[in-house]
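This report sets out selected features of the structure shown below.

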Amino acid sequence: MLWLILTLTFFLLRAAPGGPFDQERELPPEVEQLVAQKYQLDQPLHQQYANYLKSVLSGDLGPSFQYADHSVNQLIGLSLPVSLQIGFCALIFSLFCGLLLGIIAASYADRWPDLVAMIVAVIGISTPNFVIARLLILWLAVHWQWLPVAGWQGGDWPYLVLPVIALSFPYIAAIARLVRGALLEVLQQPFVRTAQAKGLTRTEVVFKHALQPALLPVVSYLGPAAVGLMTGSVVIEQIFGIPGMGRYFVQGALNRDYTLVLGVVLVMGLMMLLFNLLVDLLYRYLDPRVKGT
Amino acid sequence: MTETIQQPLLSINNLCVEFRTQQGVTQAVDDLSFEIKHGQTVGLVGESGSGKSVTALSILRLIQEPPGCIPAGQIVFEGQDLLQLPEKQLRKIRGNDISMVFQEPMTSLNPVFRVGYQIAEVLRLHKKLSKKKAWQRATELLDLVGIPDPQKRVRFYPHELSGGQKQRVMIAMAIACEPKLLICDEPTTALDVTIQKQVLALLQRLQQELSMSMLFITHDLGVIADLADEVVVMYRSRKVEQATTAEIFSHAKHPYSQGLLACRPKLHDNPKRLLTVADFMSESGEARQPSAEQLQPQIKSDKSHNPVLLEVNNLKTYFPIRSGLFGRVKAHVKAVDDVSFTVRKGETLGLVGESGCGKTTLGRTILNLQPASSGQVLFDGVDVFAQTAANMRQLRSRMQIIFQDPFATLNPRMTIGHAIMEPLSIHHAAVGKQQNWQRVAELIEQVGLNPDILNRYPHEFSGGQRQRIAIARALAVNPEFIVCDESVSALDVSVQAQVLNLLLDLQEQHGLTYIFISHDLSVVNFIADRVGVMNQGKIVELNTAEEIYRNPQKPYTQKLLDAIPKGF
């Protein structure tokens, strides 16, 4: 699977016009040839592909074309932990808020708390996150000066808060809507009536009997969401000046920095597989019916 | 002491329940009163929508509010009006003093918890048992309700149990705290007749052992004949009759009760057409008597010299059981195992057997809706399995199927008219739209519905009406042969009688040939000329309907016969 992703990306990149060292001012042909030789770009494509695969298998993602003194391994090694840290915090935060909003909305279906929660959700989904990020900075950092405007400082928590909130917003909204829909459906099920007939309180019925089956759609959504959160968002990283992985991806693609893009794609693919595996395992735990198949 | 015993355990006084929606107010229960004494079993009988389930749910205030609303009435349980009780005290009664068994065992248990946990939960809540003790008690309860190997099954999830076992778990859960009143809402309707009999016997035994009172809700008077001391009959949200069970069965007073009693097919002396409620009561509720013509005994004409329409030879349908990493076939489920029979023109062949005996698969294989593993099906001399796709399509217009659940088989976003039109536009496109629509209107009239309904959607109809629509759709292409797969099993007995009569009328008018699949021998006996009894993929006995019930040869046939509720 990973090999397939890697191969496709490799040839797609090469199919795109331009090269890593194309600049507005033409280089002298000798220099160009030297550079090409250094990065083995003068060899036939299949040879390059074979070489690249070989080095990936031995754990070396190759040198970066753009950042001359760094290997791709180093660049990812520096930026991945940052993205992971923000992504993980954002995941926990959006899960917590999403669940809370969703449960409130479903418990007060068609009454004002439901309306408020769903308006928040619609705003969250439809507002671009750079708008939310700027608004957060404006209020919390500039106006009230509670938190730093931007920066990273090795991941100190005050620097984390704003990007995490801005990053989570659309995910909170999506999870809240999923939870509300699933919970409303489960609450119509006969087994919820059975639970009520046992003499359980309304809260017990919702949290013990209805919530677990209602979590299933959220769990399936969580896999792709986790990858999206943890591989970094270019916009958020740019606004808050965070040295995450997202910007390498976009810059790498623009600069035709083949090895860097491939490296980032490889990491994303790996995480995608990992999280989907986790989701499947979680699914099994939550829904015993899945087992036999 | 005597005073408390004489006081009823539960008395419902002038109960009214309404559902208030945007379309208006629906009166679900209208001025209902009755009592349940200590140790007594009361049967609450009526058809779907008569308000009986709403009554049961109101007792524990389990109806959804809104749209539900109880504007008037009292429900007095041991001196307390349950309708006025604060939520907190009501919860102490729910599951403890009054508990309920619901109709759908498949969906009434939470799919993500072990059954032991679900039973233990009630005990921990009301009896304050420790986790360990409650679990132990849950195991004992499973044993009490007759689940084999309870030590093992207590750790099962609901989907790992059969329908009958699930209903036993529901019962175990309901009796866990030894309630004073057990409310059973159609507890056996979703089950096979043989399982129904076991569950009824279990309820009867438990009632005596625990000396509890019972409110038993059903649409089928036959079910409660042995169980109830007293019967309350509900019709259109009102109580129409209340009497002891013996009185109801010997001389019911209200025409609706008389109709309910008459519409159930009996093993002996069936009339030519089953009597329905409409034979005893006009639309406006006036009593009338069924005409002598309707009471004529059923005489099945001899069809053994008719030409053969369908011939099934050594038919086998196996489903592979795959396992391991590469899904290697380890074994086969023999759903249909070497079955041979013939059906003659104009004849009805009944197929009976319990769930999982292969009768549905057999029906589907004959129509080539399910590939056969080996064997041959000849329809009017044509080998059904050896047809090209185009020929098969043509053949399909001559053979149709009517399923059990008309709601699931009608597209909810298609109007009734379009649903019936669809097969016509496939098979009779050349005829022209105008004429086809006329045909649709004719069909809908033939099945006893008004053509005005053609642009309505399936959800606007009752179960019986939907089944009529499904029949009209099957008839659209003028088939000669129809497989009815449990076509009346999901219907109330009173509606079932109407649909059975309709099927017989249509057979007479169009010379149809049926294969009628059902788990209920009394229904099959009424409609079929010959009956095949199926067990584990094989036809164990095949004979005329009369011989099957008069003189059953196989113990399995006898078992099916015994399972039919008596009470008549």
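The paragraphs that follow describe a predicted model.

**Chain A as a whole**

Chain A contains 13 helices and zero strands. Read along the sequence, its pattern is accordingly α-α-α-α-α-α-α-α-α-α-α-α-α. Along the principal axes, the C-alpha atoms of chain A occupy a box of roughly 85 × 55 × 30 Å. Of the 293 residues in chain A, 35% are buried. When contacts in chain A between residues at least 6 apart in sequence are considered, 71% of them link residues at least 24 apart.

**The contact between chains A and B**

Chain A contributes 18 residues to the contact and chain B contributes 23 residues. On the side of chain A that touches chain B, α8 (190-197) and α9 (202-214) of chain A each provide at least two residues. The largest share of that side, six residues, belongs to α8(A). By class, the residues on the side of chain A that touches chain B comprise seven nonpolar, seven polar and four charged.

**A sheet in chain B**

Chain B holds an open sheet of six strands with mixed pairing, in the order β6-β7-β8-β3-β9-β10. Its edge strands, β6 (98-101) and β10 (238-244) of chain B, each pair on one side only. From one strand to the next, the twist averages 15°.

**A helix pair in chain A**

Two packed helices are described by the angle between their axes and the distance between the axes. For helix α12 (residues 246-254) and helix α13 (residues 258-286) of chain A, the axes come within 8 Å and cross at roughly 145°. The crossing of α12(A) and α13(A) is left-handed. The residues that make this contact are listed by helix below.

| Helix | Residues in the contact |
|---|---|
| α12(A) | A:Y248, A:F249, A:G252, A:A253 |
| α13(A) | A:L260, A:V261, A:V264 |

By class, the contact of α12(A) with α13(A) consists of six nonpolar residues and one polar residue, with no charged residues. The side of chain A that touches chain B, by contrast, includes four charged residues.

Note on methods: Residues are numbered from 1 along each chain as its sequence is written. Chains are lettered from A and ligands numbered from 1 in the order in which they are written. This is a predicted model: local features need pLDDT of at least 70, side-chain atom pairs count only at pLDDT 80 or more; totals for chains, interfaces and linings use all residues. Helices (H or I, at least four residues) and strands (E, at least two) are DSSP runs, numbered from the N terminus. A residue is buried if 20 or more other C-beta atoms lie within 10 Å of its own, exposed if 12 or fewer, and partly exposed in between; C-beta atoms are placed from the backbone. Two residues are in contact if their C-beta atoms, placed from the backbone, lie within 7 Å. Ala, Val, Leu, Ile, Met, Phe, Trp, Tyr, Cys and Pro count as nonpolar, Asp, Glu, Lys and Arg as charged, and the others, Gly among them, as polar. Two strands pair if DSSP finds at least two bridges between them. Axes are lines fitted to C-alpha atoms, for helices over the stretch in contact, and angles run from 0 to 180 degrees between N-to-C directions. A crossing is left-handed if the near helix is turned anticlockwise from the far one by less than a right angle, and right-handed if clockwise.
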